[in-house]
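Please read them beside the model.

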Amino acid sequence: MPREMAEAQILEAAELEFGRSGFDGASMAGIARAAGLPKANLHYYFGTKEALYRAVLENTLTDWLADAELWLTPARAAREGLRGYVLTKLAFSRDRPHASRLFAHEMLQDAHHIRFYLSTTLRAHVALIGRTFALWAQRGQMHKVDTPHFMFALWSMTQAYADMSAQMAAVLDRPALLPEDFERGAATILGLLLNEPSLGMGAGEADTGAWMELGEKN
């Protein structure tokens with residue numbers, strides 16, 4: 001198996017196992033079984049369990065940053081960029097909840113394994129987003145915002161649909177969140193963030209077409 005394919009297969013299995021059991025509960029043997037590969041392959045490609053755990057976390061962050069680079073860019077208008085980013089983040093929470101929950105657990109443990117990544121790569125990335133927001137504000141497409149805190153709020157609202165899904169499902173009186181819950185969540189979040197009829201959707205006006213199109217891509 002080509003190295004790139006093997007690593008992707010291992011990361012996918014590790015994301016699921018670490019997401020379910022955490023760092024201490026997951027085992028390299030269990031991850032190997034889930035990946036359908038010999039345990040030796042995991043050590044060959046990633047070395048230690050801790051290195052694999054860190055790779056899973058950084059892979060999640062890399063995907064999140066790529067989504068931001070795609071949508072939160074001066075090449076797009078604020079409405080298009082923010083809508084696309086929110087829908088993409090919610091799709092991630094829907095399709096890869098274990099990755100989001102694992103990241104949340106790591107944050108609760110003081111980000112021991114990836115603090116350097118957060119304070120360098122992520123910090124620089126947020127600064128770059130701030131330039132886009134400043135340009136959008138100059139164009140009159142959004143209000144001026146405190147970029148780090150704006151992103152904190154945005155991440156919290158979208159990732160909650162993975163991290164807090166059990167609470168949400170209980171309040172909504174259902175076993176698990178339904179597609180329509182993500183649609184309503186998207187509409188509500190965009191209404192709260194944009195807060196301007198010319199830019200955003202009103203609460204409860206789910207952009208189902210955009211959501212379905214995004215779901216097909218993901």
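Which hand does the crossing of α1 and α2 have, left-handed or right-handed? The points below take this up.

1. Basis. This is a predicted model: local features need pLDDT of at least 70, side-chain atom pairs count only at pLDDT 80 or more, and totals for chains, interfaces and linings use all residues. Residues are numbered from 1 along each chain as its sequence is written, and side-chain values use heavy atoms, with hydrogens and water left out.

2. Hand of α1 and α2. The crossing is right-handed (the near helix is turned clockwise from the far one by less than a right angle). Helices are DSSP runs of H or I, at least four residues, numbered from the N terminus.

3. Angle of α1 and α2. Helix α1 spans residues 3-25 and helix α2 residues 28-35; their axes come within 8 Å and cross at roughly 125 degrees. Axes are lines fitted to C-alpha atoms over the stretch in contact, and angles run from 0 to 180 degrees between N-to-C directions.

4. Residues of α1 and α2. Gln9, Ile10, Ala13, Ala14, Glu17 and Phe18 of α1 meet Gly30, Ile31, Ala34 and Ala35 of α2 (contact: heavy atoms within 4.5 Å). They divide into 7 nonpolar, 2 polar and 1 charged. Ala, Val, Leu, Ile, Met, Phe, Trp, Tyr, Cys and Pro count as nonpolar, Asp, Glu, Lys and Arg as charged, and the others, Gly among them, as polar.

5. α4 and α5. The axes of α4 (residues 49-71) and α5 (residues 78-95) come within 8 Å and cross at roughly 155 degrees. These helices are therefore roughly antiparallel (over 145 degrees). Their crossing is right-handed.

Conventions. Helices (H or I, at least four residues) and strands (E, at least two) are DSSP runs, numbered from the N terminus. Angles under 35 degrees count as roughly parallel, over 145 as roughly antiparallel, 65 to 115 as roughly perpendicular and the rest as oblique.
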